[in-house]
Amino acid sequence: MSQAGPILFVSNSQRPAFVSALDDARLFPVIDSDWTNAARAVEQVQPAAVIAAMTGGHEPHIAPFAKKIAEQPLYLPLVALDAPGMLPHNALPFSSHGSHADRLGARLRAALRVRTLHATVLRRLPETTAKVPLPQTDPARDATVLLIGRGAAYPALSVALGERMGVIGALSIEAAAKHLNSRDIDGVVLAEGFTARVADAFLTVLAEDTRFRSLPVVVTAHQLTQNFDLPNLEIISGEPAKVAANALPLIRQHAMEAQLSRTLRSIDAGGWLDPRSGLLTVEAFARDFAKAVDQTLARGGGLSVARFAFDPANPRAQLDAARILSRLMRQMDFGAAQKDGSVIVVFAETDFRTAHMIARRLSAVMRHTSNGKHEMRSDPVVSVDSLSPSDTAKSLLARLSAEAPRAAS
């Protein structure tokens, strides 16, 4: 993979062999710097990525250095080798134990794809006449991690991860597989409670499925018995707070990639898609809904609407629901996250009974997300209604909202 710049290697000691191999194989040109001159080297070299060896002498420099990298206008991956403690929020962990150039190269290529995607979005934003804002929130705040485990550390890991992002818990590999197929997941934490054989089988399945190959996967309680084609696979052991903090940069990078992909789709759609949720904007929904109602009344057929309302104290639930719907709803359907905290979906050519069944299935998927810190679950109040001959778009939505209290009781 080509990149606009070399790789900067920061260390107070000699390059390890697997880093030199990147240069020798002409995979990535590598330029060296010590920690004292690292910040200046970023300005002079303009690297595409940075590899930093956390093997001594880095302690007084790492925090300001990571901050400088985070302030770059274009995403600059920072890979931290063998960090003994908690990492800065933007430093991707990498354990060099048993490492070789292919493994590090795969990690770099995955990170550079995100950098290229960021550059593409920045280049295309001025091209669009519609207003497509870049999301200003930290991507990690909108991220969702799948926590798999059933040991004593599971509750503490759930809390530590839930303080930083959304958490979906799975007590079995089978349950985890269902979530992976129905949800947008930004990372997997495989905790204790499974044999090495089960863990290896699960990782093999992930590596063989192209949908999950770049997914960050953190293993907390197993030593790997083989190599897996998973660029962002990392073993992080220790206290739950350390596991969560050091897994966060990998998960944030994946969430950023998803965020940028949604932004590109919004640009392609002329700004009518919400980059954060993946659904239509409120304005685009109102336009399309009015048109769908008029066409259905003129031509005949069915049209049903479902409203998913959430606890106002849990704003994250609306975002999770919107992303579930953008992933699972049919191509003919459309929806939007509303300003009152609900999500509305329109089911084209669908009668009331079928729409009610679809809405129940979708709400069942939503209930599995919780915030590990407060145990706030995404339990929606669902109301469903269908278009009648005397309806307008406004009257149908008004009736749907009025039915929400009855649906909750």
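**Sheets, helices and loops**

Helix α2 lies across β1 (7–10) and β2, running at about 170 degrees to β1. This is a predicted model, in which local features need pLDDT of at least 70, side-chain atom pairs count only at pLDDT 80 or more, and totals for chains, interfaces and linings use all residues. Residues are numbered from 1 along each chain as its sequence is written, and side-chain values use heavy atoms, with hydrogens and water left out.

Q: What makes β2 and β5 the edge strands of their sheet?
A: Two strands pair if DSSP finds at least two bridges between them. The open sheet of five strands has the order β2-β1-β3-β4-β5, with parallel pairing. Its edge strands, β2 (30–33) and β5, each pair on one side only. The twist from one strand to the next averages 25 degrees.

Q: How do you know that β3 and β4 pair?
A: Four bridges join β3 to β4, and the definition asks for at least two. The two strands run parallel. As one example, A53 has L81 in β4 as its bridge partner.

Q: Why is Q46 called partly exposed?
A: Its relative accessible area is 48%. Buried means under 20%, exposed over 50%, and partly exposed in between (1.4 Å probe, protein chains only), so a value of 48% is partly exposed. Q46 sits in the loop between α2 (38–45) and β3 (49–53). Its phi is near 50 degrees, a positive value in a residue other than glycine.

Q: What makes D82 partly exposed?
A: D82 has 31% relative accessibility, so it falls into the partly exposed class. D82 lies in the loop between β4 (78–81) and β5 (91–94), and its phi is near 55 degrees, positive although the residue is not glycine.

Q: Why is α5 called oblique to α8?
A: Helix α5 (residues 154–162) and helix α8 (residues 240–268) pack at an angle of about 40 degrees, with their axes 8 Å apart. Angles under 35 degrees count as roughly parallel, over 145 as roughly antiparallel, 65 to 115 as roughly perpendicular and the rest as oblique, so α5 is oblique to α8. The axes are lines fitted to C-alpha atoms, for helices over the stretch in contact, and angles run from 0 to 180 degrees between N-to-C directions.

Q: Which residues of α5 and α8 meet?
A: Contact means heavy atoms within 4.5 Å. A156, L157, A160 and L161 in α5 meet P240, A241, V243 and A244 in α8. By class, this contact has eight nonpolar, no polar and no charged residues (Ala, Val, Leu, Ile, Met, Phe, Trp, Tyr, Cys and Pro count as nonpolar, Asp, Glu, Lys and Arg as charged, and the others, Gly among them, as polar).

Q: How do you know that β11 and β16 pair?
A: Six bridges join β11 (residues 303–309) to β16, and the two run antiparallel. A306 has V384 in β16 as its bridge partner. Helix α11 lies across β11, β13 and β16, running at about 160 degrees to β16.
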